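User: I've got a protein model open and I'd like to find my way around it. Can you take my questions one at a time?

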Amino acid sequence: MSISRRLSVVIGPNPPARLDKALSRDVPEAEGLSRSRLAKLIADGSVSRAGQVLIDPRAKVAEGDVLDITFAEAEEVETRPEAIPLEVVYEDASLIVVNKPVGMVVHPAPGTPSGTLVNALLAHCGDTLSGIGGEKRPGIVHRIDKDTSGLIVAAKSDKAHTGLAAQFEAHSVNRHYKAVVYGVPDAGDPRLRGVRGVSFEAGNILKITTQLARHKTDRQKQAVLFSGGRHAVTRARVEEAFGTPGVAALVDCWLETGRTHQIRVHMAHAGFGLIGDQTYGGRRKLAEKAVGAAGAAAAAAFSRQALHAATLGFVHPETGQELAFEAPLPADMAALIAALRG
(Lines give C-alpha, C1' and ligand atoms only; values in the text may rest on other atoms or scores of the structure.)
Protein backbone atom coordinates (compact mmCIF):
# COMPACT_ATOMS: atom_id res chain seq x y z
CA MET A 1 0.00 0.00 0.00
CA SER A 2 1.41 3.37 -0.99
CA ILE A 3 1.02 5.89 1.84
CA SER A 4 0.12 9.42 0.83
CA ARG A 5 0.05 10.99 4.32
CA ARG A 6 -0.33 10.41 8.06
CA LEU A 7 -2.55 12.15 10.58
CA SER A 8 -1.86 12.08 14.34
CA VAL A 9 -4.84 12.53 16.65
CA VAL A 10 -4.42 13.19 20.38
CA ILE A 11 -7.33 11.87 22.46
CA GLY A 12 -8.75 14.59 24.68
CA PRO A 13 -10.18 14.49 28.22
CA ASN A 14 -13.03 12.13 29.14
CA PRO A 15 -12.98 10.18 25.89
CA PRO A 16 -15.67 7.70 24.86
CA ALA A 17 -14.64 4.19 25.78
CA ARG A 18 -14.52 2.93 22.18
CA LEU A 19 -11.81 3.67 19.64
CA ASP A 20 -14.22 4.50 16.82
CA LYS A 21 -16.28 6.91 18.92
CA ALA A 22 -13.21 8.59 20.40
CA LEU A 23 -11.70 9.12 16.95
CA SER A 24 -15.00 10.45 15.65
CA ARG A 25 -15.02 13.02 18.45
CA ASP A 26 -11.37 14.09 18.30
CA VAL A 27 -10.43 14.02 14.62
CA PRO A 28 -10.25 17.66 13.46
CA GLU A 29 -13.42 18.73 11.72
CA ALA A 30 -11.36 20.13 8.84
CA GLU A 31 -10.41 16.56 7.87
CA GLY A 32 -14.00 15.88 6.87
CA LEU A 33 -13.88 12.23 8.03
CA SER A 34 -17.28 10.68 8.65
CA ARG A 35 -17.84 7.89 11.18
CA SER A 36 -18.31 5.39 8.35
CA ARG A 37 -15.02 6.49 6.77
CA LEU A 38 -13.23 6.16 10.11
CA ALA A 39 -14.74 2.70 10.62
CA LYS A 40 -13.37 1.63 7.25
CA LEU A 41 -9.93 3.03 8.08
CA ILE A 42 -9.91 1.03 11.34
CA ALA A 43 -11.03 -2.15 9.56
CA ASP A 44 -8.34 -1.66 6.91
CA GLY A 45 -5.60 -1.50 9.56
CA SER A 46 -4.88 2.18 8.97
CA VAL A 47 -5.11 3.21 12.65
CA SER A 48 -2.28 2.54 15.11
CA ARG A 49 -1.14 3.48 18.62
CA ALA A 50 2.58 3.45 19.48
CA GLY A 51 3.22 1.36 16.41
CA GLN A 52 0.50 -1.21 17.21
CA VAL A 53 -2.27 -1.52 14.62
CA LEU A 54 -5.79 -1.28 16.06
CA ILE A 55 -8.45 -3.08 14.03
CA ASP A 56 -11.13 -3.49 16.72
CA PRO A 57 -13.46 -0.45 16.77
CA ARG A 58 -14.28 -1.32 20.39
CA ALA A 59 -10.64 -1.06 21.53
CA LYS A 60 -10.15 0.97 24.72
CA VAL A 61 -8.54 4.40 24.50
CA ALA A 62 -7.44 6.86 27.14
CA GLU A 63 -6.85 10.58 27.43
CA GLY A 64 -3.51 11.54 25.89
CA ASP A 65 -3.31 8.53 23.54
CA VAL A 66 -1.78 9.45 20.18
CA LEU A 67 -3.51 7.63 17.35
CA ASP A 68 -1.87 7.62 13.95
CA ILE A 69 -4.07 7.34 10.85
CA THR A 70 -2.42 6.48 7.54
CA PHE A 71 -4.11 7.29 4.25
CA ALA A 72 -3.41 5.22 1.19
CA GLU A 73 -2.63 7.05 -2.01
CA ALA A 74 -5.87 7.61 -3.87
CA GLU A 75 -6.31 5.07 -6.63
CA GLU A 76 -7.88 5.69 -9.99
CA VAL A 77 -11.28 4.01 -10.15
CA GLU A 78 -12.09 1.57 -12.93
CA THR A 79 -14.72 3.91 -14.30
CA ARG A 80 -13.00 5.73 -17.14
CA PRO A 81 -13.10 9.48 -17.71
CA GLU A 82 -15.10 10.39 -20.81
CA ALA A 83 -15.06 13.78 -22.50
CA ILE A 84 -18.83 14.28 -22.41
CA PRO A 85 -20.03 17.89 -22.59
CA LEU A 86 -21.52 19.15 -19.32
CA GLU A 87 -23.60 22.22 -18.51
CA VAL A 88 -21.77 23.40 -15.40
CA VAL A 89 -23.85 25.79 -13.31
CA TYR A 90 -21.29 26.29 -10.54
CA GLU A 91 -17.89 24.89 -9.64
CA ASP A 92 -15.17 25.51 -7.07
CA ALA A 93 -12.44 23.46 -5.40
CA SER A 94 -14.97 21.61 -3.22
CA LEU A 95 -17.99 20.84 -5.38
CA ILE A 96 -19.65 21.10 -8.76
CA VAL A 97 -23.29 21.71 -9.74
CA VAL A 98 -24.43 20.42 -13.13
CA ASN A 99 -27.65 20.73 -15.12
CA LYS A 100 -28.03 17.07 -16.13
CA PRO A 101 -29.62 16.41 -19.52
CA VAL A 102 -32.39 13.91 -20.18
CA GLY A 103 -31.05 10.45 -20.97
CA MET A 104 -27.88 10.61 -18.84
CA VAL A 105 -27.50 8.07 -16.04
CA VAL A 106 -25.83 9.48 -12.93
CA HIS A 107 -23.72 6.52 -11.82
CA PRO A 108 -22.24 3.58 -13.76
CA ALA A 109 -24.08 0.27 -13.37
CA PRO A 110 -23.88 -3.13 -15.09
CA GLY A 111 -26.32 -2.02 -17.78
CA THR A 112 -24.75 1.42 -18.25
CA PRO A 113 -20.98 1.18 -17.62
CA SER A 114 -20.20 4.32 -19.62
CA GLY A 115 -21.71 7.60 -20.76
CA THR A 116 -22.73 8.50 -17.22
CA LEU A 117 -22.43 11.71 -15.26
CA VAL A 118 -19.62 10.17 -13.22
CA ASN A 119 -17.66 9.36 -16.40
CA ALA A 120 -18.13 12.96 -17.52
CA LEU A 121 -17.14 14.42 -14.15
CA LEU A 122 -13.96 12.33 -13.99
CA ALA A 123 -12.88 13.86 -17.30
CA HIS A 124 -14.06 17.38 -16.48
CA CYS A 125 -12.60 17.59 -12.96
CA GLY A 126 -9.39 15.68 -13.65
CA ASP A 127 -6.70 16.33 -11.04
CA THR A 128 -8.95 18.65 -9.02
CA LEU A 129 -10.67 15.58 -7.52
CA SER A 130 -9.46 14.58 -4.07
CA GLY A 131 -9.25 10.97 -2.94
CA ILE A 132 -12.84 10.51 -1.79
CA GLY A 133 -12.94 7.25 0.16
CA GLY A 134 -9.45 6.44 -1.11
CA GLU A 135 -10.40 6.79 -4.78
CA LYS A 136 -10.24 9.70 -7.15
CA ARG A 137 -13.90 10.10 -7.93
CA PRO A 138 -16.73 12.60 -7.58
CA GLY A 139 -18.82 12.18 -4.44
CA ILE A 140 -22.39 11.52 -5.50
CA VAL A 141 -24.73 12.44 -2.63
CA HIS A 142 -28.05 12.34 -4.50
CA ARG A 143 -29.31 11.15 -7.85
CA ILE A 144 -31.78 12.08 -10.56
CA ASP A 145 -33.48 9.47 -12.73
CA LYS A 146 -32.06 8.92 -16.21
CA ASP A 147 -35.06 10.53 -17.90
CA THR A 148 -35.35 13.43 -15.45
CA SER A 149 -33.42 16.59 -16.28
CA GLY A 150 -32.03 19.20 -13.94
CA LEU A 151 -29.68 20.16 -11.14
CA ILE A 152 -27.38 17.80 -9.30
CA VAL A 153 -24.43 18.54 -6.99
CA ALA A 154 -21.33 16.37 -6.61
CA ALA A 155 -18.49 16.68 -4.11
CA LYS A 156 -14.85 16.97 -5.11
CA SER A 157 -13.36 16.33 -1.64
CA ASP A 158 -13.99 14.13 1.38
CA LYS A 159 -15.02 17.09 3.53
CA ALA A 160 -17.49 18.38 0.94
CA HIS A 161 -18.87 14.87 0.50
CA THR A 162 -19.42 14.47 4.25
CA GLY A 163 -20.97 17.94 4.60
CA LEU A 164 -23.33 17.57 1.66
CA ALA A 165 -24.37 14.05 2.63
CA ALA A 166 -25.24 15.30 6.13
CA GLN A 167 -27.50 18.01 4.67
CA PHE A 168 -29.32 15.54 2.44
CA GLU A 169 -29.73 13.16 5.38
CA ALA A 170 -31.14 16.00 7.50
CA HIS A 171 -33.51 16.99 4.66
CA SER A 172 -32.25 20.56 4.83
CA VAL A 173 -31.47 20.81 1.11
CA ASN A 174 -33.97 22.92 -0.84
CA ARG A 175 -35.08 21.05 -3.96
CA HIS A 176 -37.97 22.01 -6.22
CA TYR A 177 -39.07 20.10 -9.31
CA LYS A 178 -41.34 21.12 -12.16
CA ALA A 179 -43.71 18.41 -13.34
CA VAL A 180 -46.51 18.25 -15.91
CA VAL A 181 -49.25 15.97 -14.63
CA TYR A 182 -52.62 14.60 -15.63
CA GLY A 183 -55.38 16.37 -13.74
CA VAL A 184 -55.31 19.48 -11.56
CA PRO A 185 -54.76 18.98 -7.80
CA ASP A 186 -57.37 20.93 -5.86
CA ALA A 187 -58.46 20.88 -2.23
CA GLY A 188 -62.08 20.99 -3.34
CA ASP A 189 -61.86 17.71 -5.26
CA PRO A 190 -64.09 15.25 -3.33
CA ARG A 191 -62.23 12.26 -4.82
CA LEU A 192 -59.08 13.16 -2.90
CA ARG A 193 -60.81 12.92 0.47
CA GLY A 194 -60.81 9.15 0.08
CA VAL A 195 -57.15 8.78 -0.94
CA ARG A 196 -55.10 7.64 2.03
CA GLY A 197 -52.03 9.73 2.75
CA VAL A 198 -53.29 12.72 0.76
CA SER A 199 -54.15 16.04 2.39
CA PHE A 200 -54.01 19.76 1.66
CA GLU A 201 -52.26 22.59 3.48
CA ALA A 202 -53.01 26.32 3.38
CA GLY A 203 -52.60 27.81 -0.07
CA ASN A 204 -54.01 24.73 -1.84
CA ILE A 205 -50.74 22.85 -1.31
CA LEU A 206 -51.09 19.12 -1.93
CA LYS A 207 -49.29 17.02 0.69
CA ILE A 208 -48.65 13.31 0.22
CA THR A 209 -47.36 11.29 3.19
CA THR A 210 -46.70 7.54 2.88
CA GLN A 211 -44.03 4.91 3.23
CA LEU A 212 -42.16 3.81 0.09
CA ALA A 213 -40.45 0.49 -0.65
CA ARG A 214 -39.50 -1.67 -3.61
CA HIS A 215 -42.46 -3.24 -5.39
CA LYS A 216 -42.94 -6.90 -4.41
CA THR A 217 -43.07 -8.22 -7.96
CA ASP A 218 -41.30 -5.54 -10.03
CA ARG A 219 -37.96 -4.68 -8.41
CA GLN A 220 -37.47 -1.73 -10.76
CA LYS A 221 -40.48 0.05 -9.27
CA GLN A 222 -41.33 1.64 -5.94
CA ALA A 223 -44.62 1.04 -4.17
CA VAL A 224 -46.68 3.05 -1.69
CA LEU A 225 -47.05 1.44 1.75
CA PHE A 226 -48.46 2.53 5.09
CA SER A 227 -46.34 0.21 7.24
CA GLY A 228 -42.72 -0.75 6.69
CA GLY A 229 -40.67 0.89 3.98
CA ARG A 230 -39.22 4.38 4.30
CA HIS A 231 -41.06 7.53 5.32
CA ALA A 232 -41.68 9.90 2.39
CA VAL A 233 -43.34 13.33 2.15
CA THR A 234 -43.99 15.29 -1.06
CA ARG A 235 -45.68 18.66 -1.48
CA ALA A 236 -47.00 20.17 -4.70
CA ARG A 237 -48.57 23.44 -5.78
CA VAL A 238 -50.31 24.08 -9.09
CA GLU A 239 -48.56 26.78 -11.13
CA GLU A 240 -50.73 26.57 -14.24
CA ALA A 241 -53.76 24.51 -15.27
CA PHE A 242 -54.34 23.45 -18.87
CA GLY A 243 -57.57 22.73 -20.71
CA THR A 244 -61.22 23.59 -20.36
CA PRO A 245 -62.10 22.07 -17.99
CA GLY A 246 -58.66 21.64 -16.39
CA VAL A 247 -57.25 18.28 -17.43
CA ALA A 248 -53.51 18.78 -16.87
CA ALA A 249 -51.24 21.06 -14.85
CA LEU A 250 -47.74 22.35 -14.40
CA VAL A 251 -46.93 21.77 -10.72
CA ASP A 252 -44.10 22.80 -8.45
CA CYS A 253 -43.09 19.81 -6.31
CA TRP A 254 -40.74 19.85 -3.35
CA LEU A 255 -39.37 17.12 -1.17
CA GLU A 256 -39.30 16.79 2.59
CA THR A 257 -37.57 13.45 2.06
CA GLY A 258 -35.68 12.13 -0.95
CA ARG A 259 -36.61 8.59 -1.98
CA THR A 260 -36.20 6.74 -5.26
CA HIS A 261 -38.89 7.85 -7.76
CA GLN A 262 -40.63 9.70 -4.92
CA ILE A 263 -42.40 12.43 -6.90
CA ARG A 264 -43.43 10.03 -9.65
CA VAL A 265 -44.85 7.46 -7.23
CA HIS A 266 -46.57 9.97 -4.96
CA MET A 267 -48.22 11.98 -7.71
CA ALA A 268 -49.50 8.79 -9.32
CA HIS A 269 -50.83 7.60 -5.95
CA ALA A 270 -52.84 10.81 -5.64
CA GLY A 271 -54.19 10.36 -9.16
CA PHE A 272 -51.91 12.90 -10.87
CA GLY A 273 -49.45 10.73 -12.77
CA LEU A 274 -46.74 12.53 -14.73
CA ILE A 275 -47.30 12.89 -18.45
CA GLY A 276 -44.92 10.57 -20.31
CA ASP A 277 -44.14 8.41 -17.28
CA GLN A 278 -44.15 4.88 -18.71
CA THR A 279 -43.75 3.30 -15.26
CA TYR A 280 -46.22 5.16 -13.06
CA GLY A 281 -48.15 7.57 -15.28
CA GLY A 282 -50.70 5.14 -16.67
CA ARG A 283 -52.05 5.16 -20.23
CA ARG A 284 -54.21 8.22 -19.93
CA LYS A 285 -54.99 10.48 -22.86
CA LEU A 286 -56.01 14.11 -23.00
CA ALA A 287 -59.14 14.96 -24.97
CA GLU A 288 -58.66 17.20 -27.98
CA LYS A 289 -61.75 19.19 -27.02
CA ALA A 290 -60.05 20.10 -23.72
CA VAL A 291 -56.53 21.02 -24.86
CA GLY A 292 -56.78 21.12 -28.65
CA ALA A 293 -55.35 18.71 -31.19
CA ALA A 294 -51.78 19.96 -30.76
CA GLY A 295 -51.89 19.67 -26.96
CA ALA A 296 -53.39 16.18 -27.03
CA ALA A 297 -50.82 15.03 -29.60
CA ALA A 298 -47.90 16.55 -27.66
CA ALA A 299 -48.95 14.79 -24.46
CA ALA A 300 -49.44 11.45 -26.24
CA ALA A 301 -46.01 11.70 -27.90
CA PHE A 302 -44.07 12.80 -24.82
CA SER A 303 -41.72 9.86 -24.30
CA ARG A 304 -40.27 10.42 -20.82
CA GLN A 305 -41.60 11.58 -17.45
CA ALA A 306 -42.24 15.33 -17.61
CA LEU A 307 -40.05 16.10 -14.60
CA HIS A 308 -37.24 18.63 -14.17
CA ALA A 309 -35.09 19.38 -11.10
CA ALA A 310 -35.45 23.15 -11.35
CA THR A 311 -33.93 24.56 -8.15
CA LEU A 312 -31.27 23.40 -5.72
CA GLY A 313 -30.18 25.17 -2.54
CA PHE A 314 -27.78 24.15 0.22
CA VAL A 315 -25.10 25.46 2.56
CA HIS A 316 -21.58 25.25 1.16
CA PRO A 317 -19.86 22.57 3.28
CA GLU A 318 -16.54 24.44 3.35
CA THR A 319 -17.46 28.13 3.53
CA GLY A 320 -20.88 28.03 5.20
CA GLN A 321 -22.29 30.25 2.44
CA GLU A 322 -25.89 29.64 1.38
CA LEU A 323 -26.02 28.70 -2.30
CA ALA A 324 -29.07 28.55 -4.56
CA PHE A 325 -29.29 27.59 -8.25
CA GLU A 326 -31.98 27.45 -10.91
CA ALA A 327 -32.14 25.62 -14.23
CA PRO A 328 -34.69 26.58 -16.90
CA LEU A 329 -37.07 24.00 -18.31
CA PRO A 330 -35.54 21.83 -21.04
CA ALA A 331 -36.78 22.34 -24.59
CA ASP A 332 -39.04 19.29 -24.67
CA MET A 333 -40.97 20.26 -21.53
CA ALA A 334 -41.22 23.89 -22.66
CA ALA A 335 -42.66 22.69 -25.98
CA LEU A 336 -45.14 20.39 -24.20
CA ILE A 337 -46.37 23.25 -22.02
CA ALA A 338 -46.68 25.56 -25.03
CA ALA A 339 -48.79 22.96 -26.85
CA LEU A 340 -51.04 22.42 -23.83
CA ARG A 341 -51.64 26.15 -23.58
CA GLY A 342 -52.83 26.18 -27.18
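Predicted model: local features only at pLDDT ≥ 70, side-chain atom pairs only at ≥ 80, totals over all residues.

User: How many helices and strands does the protein chain have, and how far does the C-alpha trace span?
Analyst: Start with the elements: the chain has seven helices and 19 strands. As for extent, taken along the principal axes, the C-alpha trace spans about 80 × 45 × 40 Å.

User: What domains does the assignment give, and what distance separates the centres of domain 1 and domain 2?
Analyst: The domain assignment gives domain 1 (4–72), domain 2 (87–170) and domain 3 (175–341). Taken over C-alpha atoms, the centres of domain 1 and domain 2 are separated by 28 Å.

User: Where does the largest pocket lie?
Analyst: This pocket holds about 1,100 Å³ of space. Of its 38 lining residues, the closest to the centre are Arg143, Asp145, Arg259, Thr260 and His261. Helix 4 (158–169), strand 12 (174–182) and helix 5 (262–269) are the elements that give two or more residues to the lining. Both domain 2 (87–170) and domain 3 (175–341) contribute lining residues, so the pocket lies between domain 2 and domain 3.

User: How does the lining of that largest pocket divide by class?
Analyst: Sorting the lining of the largest pocket by class gives 13 nonpolar, 13 polar and 12 charged residues.

User: Which element gives the most to the lining of the largest cavity?
Analyst: A search of the whole structure turns up one cavity of 30 Å³ or more. Its lining is made of His142, Leu151, Arg175, Tyr177, Ala309, Thr311 and Leu312. Two elements, strand 12 and strand 18 (307–315), each give two or more residues to that lining. With three residues, the top contributor is strand 18.

User: Which element gives the largest share of the largest nonpolar core?
Analyst: The largest nonpolar core has 36 residues, and Leu117, Leu121, Val181, Cys253 and Met267 have the most contacts inside it. Several elements give two or more residues to this core, including strand 7 (95–100), helix 3 (117–125) and strand 17 (248–255). At least three residues come from each of domain 2 (87–170) and domain 3 (175–341). The largest share, six residues, comes from helix 3.

User: Which residues does Cys253 touch, leaving out those up to four places away in sequence?
Analyst: Cys253 is one of the residues with the most contacts inside the largest nonpolar core. Leaving out residues up to four places away in sequence, Cys253 touches Arg175, His176, Tyr177, Ala179, Arg235, Ala236, Ile263 and Met267.

User: Is Lys100 buried or exposed?
Analyst: First find Lys100 in strand 7. Not counting residues up to four places away in sequence, Lys100 touches Val106, Ile144, Asp145, Lys146, Thr148, Ser149, Gly150 and Ile152. Its relative accessible area is 1%, and the cut-off for buried is under 20%, so Lys100 is buried.

User: How far apart in space are Lys100 and Pro328?
Analyst: In sequence, Lys100 and Pro328 are 228 residues apart. In space, C-alpha to C-alpha, the separation of Lys100 and Pro328 is 12 Å.

User: Does His266 count as buried or exposed?
Analyst: Look for His266 in helix 5. Leaving aside neighbours within four places in sequence, His266 is in contact with Ile208, Thr210, Leu212, Val224, Ala232, Val233 and Thr234. The relative accessibility of His266 is 0%, so His266 counts as buried.

User: Is the peptide bond from Thr244 to Pro245 cis or trans?
Analyst: You'll find Pro245 in the loop between strand 16 (230–242) and strand 17. Omega for the bond from Thr244 to Pro245 is near 0°, and that bond is cis.

User: Does Ala50 count as buried or exposed?
Analyst: Ala50 sits in the loop between strand 2 (47–49) and strand 3 (52–53). Ala50 has a positive phi of about 55°, although it is not a glycine. Its relative accessibility is 79%, and exposed means over 50%, so Ala50 counts as exposed.

User: And what is the relative accessible area of His171?
Analyst: His171 lies in the loop between helix 4 and strand 12. Its phi is near 60°, a positive value in a residue other than glycine. His171 is partly exposed, and its relative accessible area is 39%.

How values were computed: Residues numbered from 1 in each chain as written. Heavy atoms only, no water. Domains from an automatic or database assignment. 1 Å grid on protein atoms, 1.4 Å probe; cavity = no way out; pocket = protein on both sides within 12 Å on 5 of 7 lines; lining within 4 Å. Points joined across faces, edges and corners; volume = space filled by probe spheres on them. Helix = DSSP H or I, 4+ residues; strand = E, 2+ residues; numbered from the N terminus. Nonpolar A, V, L, I, M, F, W, Y, C, P; charged D, E, K, R; others polar. Core = buried A, V, L, I, M, F, W, Y, C linked by side-chain atoms within 4.5 Å. Buried < 20%, exposed > 50% of the residue type's maximum accessible area, 1.4 Å probe, protein only. Contact = heavy atoms within 4.5 Å.
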